[in-house]
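Hello,

Here is the structure I promised to pass on to you. Have a look at it first, and then read my notes below.

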Amino acid sequence: GVNAAVDGHYGSMRSLGSVGRIDSLARKSGGRNKTIVRLRGDRKLNLKPGDDEERIVTINVGGRVYMTCIRTLLKLPGTLLYEMAQEGGELYTDSAVFIDRDNRCFDYILQYYRSGELDMPPAATFSEKLWTDELKFWKIDDPAMKLPTASEVDALQRELGKPATNGLRRKLWLLWEDPQSSTMAKFLLGLSVFLSVGAVCTFVLETQPSIRTLEVGYHFLGLSAVQIQDALAMFEMVVIVFFSIELVTRFIATSKKLTFLRTPLNWMDALTVLPFYLNYMLDPSNNNNNGTVVDILRLARLSRILGLALKLGKYSTGVRVLGRTMKTCISELGVLGVLLIMAVIIISSAIYYCESTYDIYYNGGDEAPSKFESISRSMYFSMISVTTIGYGDLTPRTSCGEFVACLAGLSGIFVL
């Protein structure tokens, strides 16, 4: 209990006399950096003189004193404090040392010795270069620069669903999930990216008026509108078959099917292929309620292009980083969303009641009535004003409404 209490204690430079009773500055540490100075500590601080690993040592970093046990520093072999705690090292010999480094960084470094987990300081407090330099000085590997070992990669892949035993399922899993496992896996990754881009381009070309309406006399590269439409449909069929095989094969190969079903990226892949089959199942020509079916098909096609776009983003490292960033900042984004909704509701109500006076005093002249006919209609104006877009299709006509519109623009700047 005493060791645990002492292990977490640190004080200011003024408490050196009471904490360490350091007699005087001694010689500079031979062969080490000039920022390290050996001190002669008080042996009375050693709670168990017979047990070297239980000895209490004092580390003064940049004027702040830290006290810990030798056994704590011996947890991370190869680091600077580990070498100093070894027999013949400064801490082992003198029980105290002064190190002229940033003590703010040392708080995280000493905690790394205690817990075994290295946390990076907040980016607002430390620059990345300062943190990297400190880790280099203390001889600690930077987790951001450390490459995972083969065993760590294998353990991570098993958590993601890689089968534990060698076999066909394991080979299929590596083929679709790990592009670095083989040349064929890299080829499939490149083919997936190509087909995703091609599918998006196909979806865009299908909406061209000349192709959509099968314009007579239209030709492009010697192909008529009918031939182009057939070629696009054939390419779309190839894309859907490929992605369907990919999705089914990955589901069969994984050893954690529930995890597979709960992964959002897999639902994005399903969103790419399912609308295509829905399109064939709900053929408007074979259904009496054509209007409803057409609406469903339009929604299905929109879902398909959304799935293709998300699937294409899955292969981009930048998109994944952006997704993780948004996930980390979800609470801040929630606060921003609440402020935006509050501003829209208040401004919509104010602009509606300001502009309603125009209709009250409207005497049937040449001017049309106000377009702010309801609060819900006014929300459109509020949203584009608060977000500082302002299309100009809705404009206030009263002085009160113009004042509220000015407040909307200012509030948008403050909120954003």
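This is a predicted model: local features need pLDDT of at least 70, side-chain atom pairs count only at pLDDT 80 or more; totals for chains, interfaces and linings use all residues.

Residues are numbered from 1 along each chain as its sequence is written, and side-chain values use heavy atoms, with hydrogens and water left out.

**The chain as a whole**

The protein chain has 19 helices and eight strands. Both are DSSP runs, numbered from the N terminus: helices are H or I with at least four residues, strands are E with at least two. Of the 416 residues in the protein chain, 36% count as buried. Contact means heavy atoms within 4.5 Å. Among contacts between residues at least 6 apart in sequence, 58% join residues at least 24 apart.

**Salt bridges**

A salt bridge is a side-chain nitrogen of Lys or Arg within 4 Å of a carboxyl oxygen of Asp or Glu. By this rule the count comes to 10 salt bridges.

Arginine 64 takes part in one of these, meeting the side chain of aspartate 107 at 3.2 Å, N to O. Since arginine 64 is in strand S5 (residues 64–69) and aspartate 107 in helix H6 (residues 103–115), the pair ties together parts that are 43 residues apart in sequence. Aspartate 107 is also partly exposed, at a relative accessible area of 29%.

Another salt bridge joins glutamate 134 and arginine 101, whose closest N and O atoms are 3.1 Å apart. This pair links distant parts of the chain, 33 residues apart: glutamate 134 is in helix H7 (residues 128–137), while arginine 101 is in the loop between strand S6 (95–99) and H6. Glutamate 134 is buried, with a relative accessible area of 3%, whereas arginine 101 is partly exposed at 22%.

Arginine 158 is partly exposed at 37% relative accessible area, and aspartate 154 is partly exposed at 21%. A network of salt bridges links Asp154, Arg158, Lys162 and Arg170.

**Two packed helices**

Helix H9 (residues 168–177) packs against helix H12 (residues 225–253) at an angle of about 130°, with the axes 9 Å apart. Axes are lines fitted to C-alpha atoms, for helices over the stretch in contact, and angles run from 0 to 180 degrees between N-to-C directions. H9 is therefore oblique to H12 (under 35 degrees is roughly parallel, over 145 roughly antiparallel, 65 to 115 roughly perpendicular, and the rest oblique). On the H9 side, the contact is made by Arg169, Leu172, Trp173, Trp176 and Glu177, and on the H12 side by Phe242, Glu246, Thr249, Arg250, Ile252 and Ala253.

**One more residue**

Threonine 202 is in helix H10 (residues 183–205) and is buried, with a relative accessible area of 6%. Leaving aside neighbours within four places in sequence, threonine 202 is in contact with Leu232 and Phe235.

Enjoy exploring!

Terms used: Buried means under 20% relative accessible area, exposed over 50%, partly exposed in between (1.4 Å probe, protein chains only).
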